[in-house]
Amino acid sequence: MTGAEIIVESLKKEGVEHVFGYPGGAVIPIFHQLFNAPLRFYLARHEQGAVHAADGYARASGRVGVVIATSGPGATNLVTGIATAYMDSVPLVIFTGQVSTEMIGNDAFQEADITGITRPISKHNYLVQNVGDLARIIKESFYIASTGRPGPVVIDVPVDVSKAETKFAYPEHVHLRSYKPVYKGHALQIGKACRLIEEARRPVIYSGGGVISSNASQELREFVEKTGIPITTTLMGMGAYPETDPLSLKMLGMHGTCYANQAVHDSDLLIAIGARFDDRVTGKISEFIPEARVIHIDIDPSSVSKNVQVDIPIVGDCRHVIAEINKSVKAPDIGEWIERLRKLKAENPLTYKDSEAKIKPQYVVERIYALTKGEAIICTEVGQNQMWAAQFFEYTEPRTFISSGGLGTMGFGFPAAIGAQIARPDRRVFDIAGDGSIQMNIQELIVAVQHRLPIVIAILNNGFLGMVRQWQQLFYDKRYSHTCISFAPDFVKLAEAYGAAGIRVEKKGEVDEAIARALSITDRPTVIDFRVDREENVYPMVPAGKTIKDTITMELL
Amino acid sequence: MRHVISVKVENKSGVLARVAGLFSARGYNIDSLAVSQTEQEDVSMMTIVVRGDDRIIEQVKKQLNKLIDVIKVSDHSDYPSVQRELALVKVNAQPAKRPEVYQLARIFGAEIVDISLKTITLELPGEPEKIDNFIELMRPYSIKELIRTGRISMNKE
């Protein structure tokens, strides 16, 4: 069997159904085998689109996303997508072509040292030097990508390796003496955590993406039910616990709710689960949780005590650890605390000044929520659109909010929506976009048209790179340096040129009708160009490196 | 504080780059780095001397452990260990000054490995602190060239 055949056979063995990518010289042997393979292949129009689509597929399905691209520019075009997946711990296996082994290092045509380039942005990578190693490497890659703290793995396959022949035997087991993720939490630590929880008077759960990637939503819900402890989530953790529940404080951090930030600040016990105390969450770290003890549950030991000193570290899989805690934990006495938070929540709701004359972007998100009954899968681009999508939609299920959290990659949302729609044909998928971000990977529109994916791209079009403009307004004397992008394409005509549906909405009264019309179109994507209030800002906002005392709310301005 | 960290790794291409890249990407400073084979053919040992407070050292160890090709990380500051280094020092030594240099070399157990008209080259193995001291004593004679291997370390039984 040739190396190329081995790749296809191995993918079949791994149960892969969908592959994203783009052909090129160094991967022609692989594509030769894909021609008749029982796999769905999605031809992106730029390699970045392929890797984001695989990423969206992985986040929506919980399975490993697979990408194939060629050497040199094909491989380097993947870099942003690989870094995006790495920062958000998304399992991907990425095959890149490489020039033939005897040419490596000679600056050959379309040669790039992609293992060198992706070393700091991938969980692991391989350069296959011998076809005999290929099956083992693929087996290891799927294992490494999907276990422990998940992440992308790159396999660089020289073209002569793809063509070389060997006997194919897909290994049954992985033998890696140096990689053994810990799943079970330490029993003693779990016991200590339970006692700390029972003694707490002002506890808060701070839940992150790890809860979603370990599929621990059910266990988390039981934990909250059993203990009655209020819960806030990170951007990456949204949907793990229903935001419609009274105990949910929604998102915390820079654009989180005032009550989530206040609750965390005032807490005497912070229970961090699968979250990593990112700077967008903590603000000024020295004043983040002045009175709280910290329990930190995470599968990655390097995340524990990295930014915040932890009293009870528990290294392990969130699902295992929470299930263990649930077995013995008793509810603390926190009636007063709950009452205080209930008031705080009632007094400081997420809000915006609605208008009849202008379309408020928050209003658009609220209407998408209402008209989809909250059942849509929401992908976002990055910037204001992302924050409004996080704030004004209530997520009740895991894997329904898909967004580039760690890297903050503009252009992520739409290709990710393609992957999410492929993973979840039973659900409507929206990409809540800005007019800036959507132009970063707009070329993928043709992929959605080709595969009849009924994605709705809701562009909150304000003619600005809005989040940067907001910072310029608030912190840089309103010098809107190069953030005005009102010189823009006609998104409706653009959609139509691609064979998608296009709708422009200029009045508030047209918002519902446009969303309803988009929802009625089920055989192709729809682009809705919402002309929203140009200088609307995202509030509340804790400025970077500041504390909650410095929170900017609408009323303050 | 200075820590001596031993990193047992798979003897594969790219591993050194992975470890070195981790240090540069996260802004940790390497004082010295020595890499060599071990008693096992497929295992290499890296001895890294790194400076930082406890939190940084803790992160360094955790991040190293996270690398797939890293088999074991041990901090030799935690246990008694034997630490050695080798230095080659080329000093300017006109004939009149030679006896002094010879004498210092003998006291430290340094071997003379080369003599020219104007220079003497000395080889000194030993504990890094001893080498530091020796170099200080050689400085007045004007050191023309100095090179050290980087520290290797083995835990005592």
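Residues are numbered from 1 along each chain as its sequence is written, and chains are lettered from A. Because the model is predicted, local features need pLDDT of at least 70 and side-chain atom pairs count only at pLDDT 80 or more, whereas totals use all residues; side-chain values use heavy atoms.

**The sheet.** Select the six strands of chain A that form an open sheet with parallel pairing, in the order β9-β8-β7-β10-β11-β12. (Strands are DSSP runs of E, at least two residues, and helices of H or I, at least four; two strands pair if DSSP finds at least two bridges between them.) β9 (248-251) and β12 (312-315) of chain A stand at the edges with a single partner strand each, so one side of each has no neighbour in the sheet. Next, display β10 (residues 269-273) and β11 (residues 293-298) of chain A, which pair over five bridges. Here A:Leu269 has A:Arg293 in β11(A) as its bridge partner.

**The helices.** Then select helix α12 (residues 258-266) of chain A, running at about 110 degrees to β9(A).

**The side chains.** Finally, select A:Ile295, whose contacts include A:Ala193, A:Leu196 and A:Ile312.

Key: Contact means heavy atoms within 4.5 Å. Axes are lines fitted to C-alpha atoms, for helices over the stretch in contact, and angles run from 0 to 180 degrees between N-to-C directions. Lists of a residue's contacts leave out its neighbours within four places in sequence.
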